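Visitor: I would like to learn how to read helix packing, domains and sheets in a model. Please take me through one case.

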Amino acid sequence: MILVYYLILINLVAFILYGADKAYAKKGARRIPERNLLLWAWLGGSIGAFLGMQIFRHKTKKAKFAVVPVLMVIEIVICGFCLYQNYHLVKTEYEVDLGLNEDLKIVQVSDLHNQVFGLGESVLLDKIAAEDPDIIVVTGDIVDSTHTSYSIALQFVEEAVKIAPVYYITGNHEVRLAGPEMDEFMSDMESLGVVMLDDKYIDMGEYILAGVADESLDDFDAYDALDESKPVIMLAHEPQYYELYQSLGADLVLTGHYHGGQIIIPGVGGLISPEFELLPKPYEGMTDYSGMSLVLSRGLGNSVAPVRINDYPELVVINVT
Ligand SMILES: [Fe+2]
């Protein structure tokens with residue numbers, strides 16, 4: 001969304017400046033230098049600049065401004081490409097055998113980072129509803145610390161709980177946002193019916209659903225009186241703590257955090273992890289760690305880096321039998 005806001009703003013500024021310069025020209029007032037007008041087009045405001053040229057009939061016959069429509073076409077192509085990369089929502093499905101008598105369908109939503117898929121998250125919610133899941137799990141970073149909006153997350157969970165029970169654990173962005181506003185957000189989520197699983201577990205009958213808070217990853221020891229005779233499905237934000245999850249008795253762990261490495265290079269893999277590890281392994285998919293399956297979702301949104309490449313946002317569906 002940062003990229004979208006930037007483009008809206010810069011195009012608006014470019015449009016206004018072209019109009020203002022035309023008005024200055026008519027009044028014989030001090031003009032905006034041509035190089036500055038062109039600079040705004042080069043910085044991403046070519047659509048606003050082009051519209052300003054046409055609507056205000058300004059600089060349309062100047063040869064050096066012939067570059068503006070060219071820049072506009074390039075910008076539209078690049079924007080279209082980036083929007084497709086960021087919003088082309090795909091589904092990834094896994095099958096996991098935990099020896100359950102009754103099949104369990106889990107939909108995992110990870111790293112939403114306030115990204116909006118359709119009005120009121122309608123595209124994302126429709127895709128989840130089409131799966132008819134037994135449970136929805138949210139594995140952290142539903143909000144983003146650099147462009148925080150609690151309302152987008154609340155809007156999403158308000159509708160998600162109508163589809164299936166929602167279970168949630170915090171990610172590193174919720175940890176960064178710790179404070180009164182985050183406390184209020186958590187209590188709003190709970191009042192909407194979201195079940196918080198930070199350092200807790202629930203006996204779901206045939207299996208245990210457990211969670212680890214992101215802030216506990218370095219010092220969490222054990223759950224109190226966990227029934228280890230049942231399969232344990234664990235929610236945790238960060239995949240690199242797989243040894244902790246093994247020690248906690250997990251059979252299946254659902255994680256995110258890596259955003260698929262942000263750019264997936266064909267034949268090579270995801271480029272970089274949030275810890276600045278180059279070519280992290282794994283960067284997506286399901287990995288077996290001595291019998292424990294760890295699902296690493298590419299997630300849905302972005303954080304500091306605003307664009308994904310060849311790394312489509314992902315809704316994960318796990319069919320547990
Ligand atoms: Fe994230």
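Visitor: At roughly what angle do the axes of α2 and α3 cross?

Guide: First, the ground rules. This is a predicted model, where local features need pLDDT of at least 70, side-chain atom pairs count only at pLDDT 80 or more, and totals for chains, interfaces and linings use all residues. Residues are numbered from 1 along each chain as its sequence is written. Two packed helices are described by the angle between their axes and the distance between the axes. Here the axes of α2 and α3 cross at roughly 120 degrees and come within 8 Å. (Axes are lines fitted to C-alpha atoms, for helices over the stretch in contact; angles run from 0 to 180 degrees between N-to-C directions. Helices are DSSP runs of H or I with at least four residues, strands are runs of E with at least two, and both are numbered from the N terminus.) That makes α2 oblique to α3. (Under 35 degrees counts as roughly parallel, over 145 as roughly antiparallel, 65 to 115 as roughly perpendicular, and the rest as oblique.)

Visitor: Is the crossing of α2 and α3 left-handed or right-handed?

Guide: α2 passes α3 in a left-handed crossing. (Left-handed means the near helix is turned anticlockwise from the far one by less than a right angle; right-handed means clockwise.) The contact includes W42 and F50 of α2, with P69 and M72 among the residues of α3. (Contact means C-beta atoms, placed from the backbone, within 7 Å.) By class, this contact has ten nonpolar, two polar and one charged residues. (Ala, Val, Leu, Ile, Met, Phe, Trp, Tyr, Cys and Pro count as nonpolar, Asp, Glu, Lys and Arg as charged, and the others, Gly among them, as polar.)

Visitor: How do α1 and α2 cross?

Guide: The axes of α1 (residues 2-27) and α2 (residues 34-55) cross at roughly 65 degrees and come within 7 Å. That makes α1 roughly perpendicular to α2. This crossing is right-handed. Among the contact residues are Y6, F15 and Y18 of α1 and W40, G44 and G48 of α2. The classes are 17 nonpolar, six polar and one charged.

Visitor: What is the angle between α4 and α5?

Guide: Roughly 15 degrees, with the axes of α4 (residues 122-131) and α5 (residues 150-163) coming within 10 Å. The two helices are therefore roughly parallel to each other. α4 passes α5 in a right-handed crossing. L125, I128 and A129 of α4 meet E159, A160 and I163 of α5.

Visitor: Into which domains is the chain divided?

Guide: Domain 1 covers 2-85 and domain 2 covers 89-320. (The bounds come from an automatic or database domain assignment.) Their centres, taken over C-alpha atoms, are 42 Å apart. Four residues from domain 1 and five from domain 2 make the contact. On the domain 1 side, α1 and α3 (67-87) each supply at least two residues.

Visitor: What is the strand order in the open sheet of six strands?

Guide: The order is β1-β14-β2-β3-β4-β5, with mixed pairing. (Two strands pair if DSSP finds at least two bridges between them.) β1 (90-96) and β5 (195-196) stand at the edges with a single partner strand each, so one side of each lacks a neighbour in the sheet. Inspect β2 (residues 104-109) and β3 (residues 135-139): they run parallel, joined by four bridges. Q108 stands opposite V137 in β3.

Visitor: Which peptide bond is cis?

Guide: The bond from K281 to P282, with omega near -5 degrees. P282 is in the loop between β11 (269-270) and β12 (285-289). L279 is also placed in the loop between β11 and β12. Phi of L279 is near 45 degrees, a positive value in a residue other than glycine.

Definitions and conventions
Two residues are in contact if their C-beta atoms, placed from the backbone, lie within 7 Å.
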